[in-house]
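Subject: A structure for you to look at

Hi there,

Here is the structure I promised to pass on. Have a look at it first, and then read on for what turned up.

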Amino acid sequence: MRSCLMLLTVLLAASSGLAGAALPQDQGKPPMFKASVDRVTVAATVRDQHGRPVINLKAQDFTLLDSGQKRQILEFERDQAPMNLAILADYSGSMDVAAKRLVAREMVRQLVGGLMPGQDQVGLFAFDLELREIQPMRPAPGDVVQRIERLEPWGKTRLLDSIAETGRKLARTSGGRRAVVVLTDGDDNASALSAAEVSGIASSIDVPVYIILVVSPLDRVGKSISLIDPHLAEQRDGALGNLARWTGGDILVPVSDVDTQAATKQIVDELRQQYLLAFEPSAQPGWHPLEVRTRPNLIVRARSGYLVPGAAVRPDEWQSSR
């Protein structure tokens, strides 16, 4: 499948350590960058065909393909462990329509309520045209619920850029079980990055992105969502949904209170029950697509690829290799 690869470049160079500095370039030509990866760890979640998590697999049950080539799994972890959860709340002007922010606040309360006090880490970030760190990463529950109550929607929506920036901040934390959970209505009218570029950034630093689309009461018909609104289906099935899935996360569209509880529980349960697989990366420079397989009839989600050290690679070459 050909998809859009990524300008991991300066954004990763600044904070994640996965990309080096830009090389000198001629004016008007695509910039060239060096990328480096010392070790590759892949977080994977596994579910059966009924959507139930599968938590009893062993290393030998997995096959890991790097650019189509099988790699030996050097380390394997399946025990439940604390997680680092960065909640990214959309507080642009569009979220002040039809009580969307009230719905988002309830989602935050449920996400924090599913964390282990004093063991899991949680942070709260909010964005409109700018990203704001409302609560830095700290032991749960922190002041996340209290602080989100005081936020007021304002301004344009810089959704995709904010996801990338939050992912880079979270990548600085220790531990393999980490994710960005985005609460948004899906609109974006100010980002410089595309959904594909953001998925590349998050994939390369192995930060799954979960997106919960906030549905206003006006989009509800009884207990079901009115997907005659093509915008909601487009967000779920299009570029925004692909962003989440390529990182090993998911996009969810809860409608009723029961749906919201199920969505927040799914996210926490998946992160708690992740499998962590480590392998030695290829020496071939550039972008490497990854595929994680397991037993037949089981569904695996994991990040879509990684970068390895080597010669300078242009962003357009990364894209063509995908």
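This is a predicted model: local features need pLDDT of at least 70, side-chain atom pairs count only at pLDDT 80 or more; totals for chains, interfaces and linings use all residues.

Let me start with a pair of helices. Leu160, Ile163, Ala164 and Arg168 in helix 4 meet Ala195, Val198 and Ile201 in helix 5, where contact means heavy atoms within 4.5 Å.

Residues are numbered from 1 along each chain as its sequence is written, and side-chain values use heavy atoms, leaving out hydrogens and water.

Now the overall picture. The protein chain has nine helices and 18 strands; helices (H or I, at least four residues) and strands (E, at least two) are DSSP runs, numbered from the N terminus. Of its 322 residues, 52% count as buried, and buried means under 20% relative accessible area, exposed over 50%, partly exposed in between (1.4 Å probe, protein chains only). Among contacts in the protein chain with a separation of 6 or more, 77% are between residues 24 or more positions apart.

Helix 2 is worth a visit. This helix, residues 100-113, reaches 20 Å from its first C-alpha to its last, close to the 20 Å expected at 1.5 Å a residue (the expected span is 1.5 Å times one less than the number of residues). Of its 14 residues, 10 are buried, including Val103, Met107 and Leu111.

Which residues touch the most other members of the largest nonpolar core? In this core of 32 residues, they are Ile87, Val181 and Leu183. Helix 2 gives the most to this core, with six residues. A nonpolar core is a set of buried Ala, Val, Leu, Ile, Met, Phe, Trp, Tyr and Cys residues joined through side-chain atoms within 4.5 Å. Leaving aside neighbours within four places in sequence, Val181 is in contact with Leu85, Ala86, Ile87, Leu88, Leu111, Tyr210, Ile212 and Ile267. Apart from this core lies another, of 26 residues, among them Leu159, Val182, Ile201 and Ala244.

Leu64, in strand 4 (residues 63-66), is buried, with a relative accessible area of 1%. Leu64 and Arg293 are 229 residues apart in sequence but 6.4 Å apart in space, C-alpha to C-alpha. Gln72 sits in the loop between strand 5 (69-71) and strand 6 (75-77). Is Gln72 buried or exposed? With 62% relative accessibility, Gln72 counts as exposed. Beyond its neighbours within four places in sequence, Gln72 is in contact with Ala278 and Phe279.

Enjoy exploring!

Best wishes
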